[in-house]
Amino acid sequence: MIPLRSAHVADCDVMAAIHAQSFPSPWSPIDFATLMSQAGIAGWIAGEPAVGLLLVRAAADEAEVLTLATSPDARRGGVATALLTQALAMLRRGPTRRLFLEVAEDNVAARALYGRLGFVDGGRRKAY
């Protein structure tokens, strides 16, 4: 079982470090602090030490995945599944009826994960 905990503004350095391992244009600690201070934002950190993060934003009956990242050494170990399962459970307890996310078409691993969790393709953004 992967330990999960709620993310807080104090975790911004940790979140930025994980994000930097996963994206070519990573978010800074200030970016995370700005997001974490906004209404409707929820986040989780996986592992001890931290190896994954997920941020979602909910508004009315919709929510969106803002970012999901897993440290390279922890990939394919269930981290992202645990984070998304936690988020889905929380969102289902509220008014959320739809959860959106964007993923690059060539990100085969992420698309397979989302498919296993019941996400369906809702459209394509040209040159994403």
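The secondary structure of the protein, a predicted model, comes to four helices and five strands, where helices (H or I, at least four residues) and strands (E, at least two) are DSSP runs numbered from the N terminus. Read from the N terminus on, these elements follow the order β-α-α-β-β-β-α-β-α. The radius of gyration, taken over C-alpha atoms, is 14 Å, close to the 14 Å that the globule rule (2.2 Å times the number of residues to the power 0.38) gives for 128 residues, so the protein is as compact as a globular protein of that length. Along the principal axes, the C-alpha atoms fill a box of roughly 35 × 35 × 30 Å.

Local features in this predicted model need pLDDT of at least 70, and side-chain atom pairs count only at pLDDT 80 or more, whereas totals for chains, interfaces and linings use all residues. Residues are numbered from 1 along each chain as its sequence is written, and side-chain values use heavy atoms, with hydrogens and water left out.

Of the 128 residues, 35% are buried, with buried meaning under 20% relative accessible area, exposed over 50% and partly exposed in between (1.4 Å probe, protein chains only). Among contacts (heavy atoms within 4.5 Å) between residues at least 6 apart in sequence, 56% join residues at least 24 apart.

With 42% relative accessibility, Gln-21 counts as partly exposed. Leaving aside residues up to four places away in sequence, Gln-21 touches Ser-71, Pro-72 and Arg-75, and its C-alpha lies 8.2 Å from that of Ala-69, although Gln-21 and Ala-69 are 48 residues apart in sequence.
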